[in-house]
Amino acid sequence: MHLMQLPREVLLGEDLVGEVINVAKRLGLGSKALVLYGPKTKEIAGKDVERSLAQEYDVEGVTVKGATMEEVNRVLNKTRDAGVDWLIAVGGGSIIDVAKLASFKAGVPFISFPTTASHDGIASANASIKDLGAKTSVKAVPPIAVIADVKVIKTAPYRYLAAGVGDMISNLTAVRDWQLAHRIKGEYYSEYAASLSLMSAKMVIKNADIIRLGNEESVRKVVKGLISCGVAMSIAGSSRPASGAEHLFSHALDMIAPKPALHGEQVGVGTIIMSYLHGLKWERVRETLKRVGAPTNAYELGIDPDVIIEALTIAHTIRPERYTILGKDGLTREAAEKAAKITGVI
Ligand SMILES: NC(=O)C1=CN([C@@H]2O[C@H](COP(=O)(O)OP(=O)(O)OC[C@H]3O[C@@H](n4cnc5c(N)ncnc54)[C@H](OP(=O)(O)O)[C@@H]3O)[C@@H](O)[C@H]2O)C=CC1
Ligand SMILES: O=C(CO)COP(=O)(O)O
Ligand SMILES: [Zn+2]
């Protein structure tokens with residue numbers, strides 16, 4: 001059996017803080033709610049959501065400090081101890097992922113209220129959590145609803161929107177890796193999920209100039225694409241359609257870089273290199289990232305070229321069960337250096 005779980009409601013519009021109560025009522029959510037936010041997103045929209053909900057719900061807030069198992073367990077204990085009926089995550093990918101995994105473990109629903117359009121975990125069913133070693137996603141549940149307030153998301157620096165483009169354009173190489181694994185390893189492959197995922201990548205290539213404007217239309221375009229990526233992952237039953245070798249490179253950077261860049265920025269640069277390795281038109285990927293103002297090289301990522309090379313050579317070790325263009329043995333230092341130089345990444 002193949003179970004596909006999807007959000008029941010997706011709201012995209014302006015001034016949606018007050019809509020949270022209506023969504024909760026329509027979905028018949030219980031009386032005790034827990035609002036998760038980060039130190040910054042508490043001020044951006046978290047407190048407003050909490051205040052609005054307090055009119056009709058018994059509500060508590062919790063500040064989450066990153067996507068770690070420690071934070072998931074802290075939220076989980078709070079949820080169980082206080083008899084919380086549902087969660088709402090007001091924040092970036094990290095806060096949403098903590099809510100996603102805690103809600104899955106507690107068996108209660110959660111609402112996703114994104115404050116950035118920088119990642120495709122907004123509506124997905126998997127959570128990327130750091131636990132001891134690398135951070136790769138584990139199965140959880142999708143949000144019962146997504147409430148994407150364009151005005152709130154627009155408060156984020158433009159850089160976040162450009163990162164969202166990076167996370168979507170990565171589907172080009174992620175799907176290629178998936179096809180490779182299907183042919184070489186006989187891995188399950190869903191043509192439907194792959195097509196949906198590729199559609200988001202093609203849409204950002206087509207709409208790069210509109211996205212670059214950084215206005216409300218740009219936010220809407222990026223958010224819709226990111227939600228579609230989440231749906232593609234739910235159909236696939238894993239992050240396969242949206243995460244291949246370019247993501248392994250980003251996960252490696254998260255492990256070894258003194259100051260990693262945004263997830264979407266790193267996977268965007270990874271996509272340039274992996275497109276080159278796949279024999280795809282890597283120049284087109286770089287051109288799109290340039291057009292939207294996303295980083296395309298080590299300097300713009302703020303990461304030392306040596307760290308980039310090191311990440312390329314260890315990327316294949318991070319999730320060995322997920323076959324990619326990097327193969328079983330990964331890239332040699334020479335091959336990594338050559339690929340990064342040819343593509344202008346270093
Ligand atoms: N589960 C999935 O399918 C996927 C998960 N991911 C994960 O998502 C994470 C990346 O998400 P991303 O959103 O890029 O980064 P983070 O959630 O880590 O947020 C980065 C920073 O941005 C701040 N921030 C959030 N919203 C705003 C805003 N409106 N204005 C100003 N600052 C803001 C956060 O504040 P604060 O400190 O308050 O939190 C935080 O300091 C990674 O952990 C990645 O692995 C990515 C793709 C898919
Ligand atoms: O970031 C993701 C998809 O964009 C999730 O990827 P991982 O499964 O590699 O964590
Ligand atoms: Zn991603």
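In this predicted model, ligand 2 has an oxygen atom 2.5 Å from an N or O atom in the side chain of Ser239.

| Side chain | Distance from its N or O atom to an oxygen atom of ligand 2 |
|---|---|
| Ser239 | 2.5 Å |
| Asp120 | 2.7 Å |
| Asp167 | 3.1 Å |

Around ligand 2 (a heavy atom within 4 Å) you will also find, among others, Ser128, Thr136, Ser137, His247, His251, His263 and Arg319.

Now for the domains, whose bounds come from an automatic or database assignment: domain 1 covers 9-154 and domain 2 covers 158-342. Their centres, taken over C-alpha atoms, are 25 Å apart. Counting contacts as heavy atoms within 4.5 Å, 26 residues of domain 1 meet 29 residues of domain 2.

Together the two domains bury about 2200 Å², with 65% of it on carbon and sulfur atoms; this is the accessible area (1.4 Å probe) lost on being put together, summed over both parts. On the domain 1 side, Leu12, Ala117 and Asp120 lose the most area, together 25% of what that side buries.

A note on conventions: residues are numbered from 1 along each chain as its sequence is written, while chains are lettered from A and ligands numbered from 1 in the order written. Because the model is predicted, local features need pLDDT of at least 70 and side-chain atom pairs count only at pLDDT 80 or more, whereas totals for chains, interfaces and linings use all residues; side-chain values use heavy atoms, without hydrogens and water.

How values were computed: Polar contact = N/O pair within 3.5 Å; in protein donor to acceptor, adjacent residues only side chain to side chain.
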